[in-house]
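Please find below some notes on the model you asked me to look over. They are set out as numbered points, to be read with the structure open beside them.

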Amino acid sequence: MDNVWVPLLLSLKVAGWATVINLVLGVATGFFLARTRFPGRNLLDSLLTLPMVMPPTVLGYYLLVLTGRNSALGSWLHDTFGINLIFTWQGAVLASSVVAFPLVFKPARAAFEEVNPQLEQAGRVLGQSELAVFFRITLPLAWRGILAGLLLAFARALGEFGATLMIAGSIPGQTQTLSIAVYEAVQAGQDHTANLLVAITSLVCISVLLSATWLSRGHDRSRQA
Amino acid sequence: MIELRLDKTLISPTRRFHLQLAFSSDAQRLLIYGPSGSGKSLLLQSLAGLQTPDAGLIKIAGRTLFDSERAINVPARQRQLGFLFQDYALFPHLNARQNIAFSLRRGVLNPRRGIRDQRIDDWLQRFSLTDVQHLYPHQLSGGQRQRTALARALITEPQALLLDEPFSALDPALRQHMRRQLADLQSQLGIPMIIISHDPQDLAFFDAAVLQVEAGRLKGAALAE
């Protein structure tokens with residue numbers, strides 16, 4: 001059974017970290033794009049959406065070149081923090097984070113744009129700091145939209161294959177995630193393992209998707225009220 | 001009570017608007033009267049610190065809130081003014097009690113549903129909101145919403161109360177009743193009030209100093225004390 005549980009746990013770990021990273025970076029980017037006006041704002045939005053439309057292998061190749069030991073960024077990470085992204089689970093986290101990023105920042109931007117700025121002004125007049133206004137008014141009102149995006153990002157990160165394979169490879173127990181394990185099992189003719197892995201993956205993905213739909217429906221209803 | 005010199009140019013793709021006026025008044029009730037688009041909302045927002053004038057001076061109740069020559073610009077949260085927004089700007093994710101209690105809590109967390117404080121109970125009782133205190137804004141009637149917003153502003157014990165078209169969101173039958181209630185409240189609390197309106201009936205009802213604004217300028221110098 002180890003050949004099922006090990007990749008499942010690894011996938012959950014990688015997808016979990018990717019979601020946490022996107023919770024911070026995606027929400028911050030969405031807020032920034034929703035609240036600032038500058039030339040090239042929509043161009044930046046398009047550029048940040050690229051990971052969604054680019055083939056994952058191409059994206060993985062870019063990441064490999066960008067963070068490899070011979071690159072400036074890669075050698076800096078290695079020399080300063082001792083972090084090596086190539087062929088490690090941290091590399092898988094990087095790949096999943098980048099691929100899932102647009103799924104978080106886009107709905108976050110839309111959710112922040114829907115918050116009535118007058119409510120934030122009311123908070124300021126009532127003596128609250130900008131930080132308090134964000135956490136007590138803006139974020140709670142945008143939260144449902146953000147959460148739906150995070151769930152989609154989690155599902156997408158869980159299913160990540162191409163970019164992860166490029167940067168982290170397929171080392172059993174270390175970087176062999178669920179979707180890569182499915183591929184390896186089929187290649188090796190281990191039908192039983194492949195069936196199990198596919199069933200588990202499907203179950204997780206369906207429940208995440210259902211939660212996301214349920215959340216975004218609730219979002220619509222609260223807006224009508 | 002109020003001393004004001006104000007200069008502000010707003011430029012949008014569709015129009016260029018110039019607000020320029022100066023006046024001072026010791027009246028306890030000041031009615032700023034003018035058609036929509038005359039700049040009176042901009043004026044009120046400048047008083048509250050929600051808009052920054054290009055140049056000028058704002059003094060309310062003996063405190064200098066803005067002085068371009070001395071580079072003073074007190075942020076909205078420190079102006080100690082009550083602001084009643086035109087459509088009340090109640091926080092939709094908080095119930096009536098939490099809305100009223102909003103300013104009593106500092107930091108990044110909202111007041112809990114059952115927050116205890118004698119001041120909240122006093123205001124709920126004064127405005128006959130005790131029975132509906134656990135309802136959310138969309139469940140309240142127009143009059144209840146306005147009273148909740150008033151209580152939320154007054155619980156901060158502001159130096160002055162600014163009201164942006166306070167009766168326009170109410171149906172006509174209720175308006176006269178609320179005018180009477182507001183006038184009584186003002187006499188009881190002795191708090192200076194600055195009301196913005198384009199409704200001739202407000203002009204007829206309130207025994208107030210009147211300031212007529214048109215196209216960003218004072219119309220006549222007439223200030224009936």
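Predicted model: local features only at pLDDT ≥ 70, side-chain atom pairs only at ≥ 80, totals over all residues.

1. The secondary structure of chain B comes to 6 helices and 11 strands, and its C-alpha trace spans about 50 × 40 × 40 Å along the principal axes.

2. How does the radius of gyration of chain B agree with that of a compact globule? For 225 residues such a globule would have a value near 17 Å, and chain B, at 18 Å, agrees with this. Buried residues account for 42% of the 225 residues in chain B. When contacts in chain B between residues at least 6 apart in sequence are taken together, 68% of them join residues at least 24 apart.

3. Helix H1 of chain B, which runs over residues 40–48, is mostly covered, with 8 of its 9 residues buried. The buried residues of H1(B) include B:Leu42, B:Leu43, B:Leu44 and B:Leu47, and B:Lys40, B:Gln45 and B:Ser46 are also among them. Just after H1(B) comes B:Gly49, which takes a positive phi of about 90°.

4. Two residues in one loop of chain B deserve a look at their backbone. B:Tyr88, in the loop between strand S7 (81–84) and helix H2 (96–101) of chain B, has a positive phi of about 75° although it is not a glycine. B:Ala89, found in the loop between S7 and H2 of chain B, likewise has a positive phi, near 50°, in a residue other than glycine. Are these residues buried or exposed? B:Tyr88 has 23 other C-beta atoms within 10 Å and is therefore buried, the cut-off being 20 or more. B:Ala89 has 25 other C-beta atoms within 10 Å, so by that cut-off B:Ala89 is buried.

5. Two packed helices are described by the angle between their axes and the distance between the axes. In chain A, the axes of helix H3 (residues 56–67) and helix H5 (residues 89–114) come within 11 Å and cross at roughly 125°, and H3(A) and H5(A) are therefore oblique to each other. The crossing in which H3(A) passes H5(A) is right-handed. The contact is made by A:Pro56, A:Leu59, A:Gly60 and A:Leu63 of H3(A), together with A:Leu94, A:Ala95, A:Val98 and A:Val99 of H5(A). By class, this contact of H3(A) with H5(A) has 7 nonpolar residues, 1 polar residue and no charged residues.

6. H5(A) also packs with helix H7 (residues 130–158) of chain A, where the two axes come within 8 Å and cross at roughly 155°. Because of that angle, H5(A) is roughly antiparallel to H7(A), and the crossing of H5(A) and H7(A) is right-handed. Among the residues that make the contact are A:Val99, A:Leu103 and A:Phe112 of H5(A), and A:Ile146, A:Leu150 and A:Arg156 of H7(A). By class, the contact of H5(A) with H7(A) has 16 nonpolar, 4 polar and 1 charged residues.

7. Finally, how many residues does each chain give to the contact between chain B and chain A? Chain B contributes 17 residues and chain A contributes 18 residues. Sorted by class, the side of chain B that touches chain A has 10 nonpolar, 6 polar and 1 charged residues.

Methods: Residues numbered from 1 in each chain as written. Chains lettered and ligands numbered in written order. Buried ≥ 20, exposed ≤ 12 C-beta atoms within 10 Å, placed from the backbone. Helix = DSSP H or I, 4+ residues; strand = E, 2+ residues; numbered from the N terminus. Axes fitted to C-alpha atoms, helices over the stretch in contact; angles between N-to-C directions. Parallel < 35°, antiparallel > 145°, perpendicular 65-115°, else oblique. Left-handed = near helix turned anticlockwise from the far one by under 90°. Contact = placed C-beta atoms within 7 Å. Nonpolar A, V, L, I, M, F, W, Y, C, P; charged D, E, K, R; others polar. Rg over C-alpha atoms; globule rule 2.2 N^0.38 Å.
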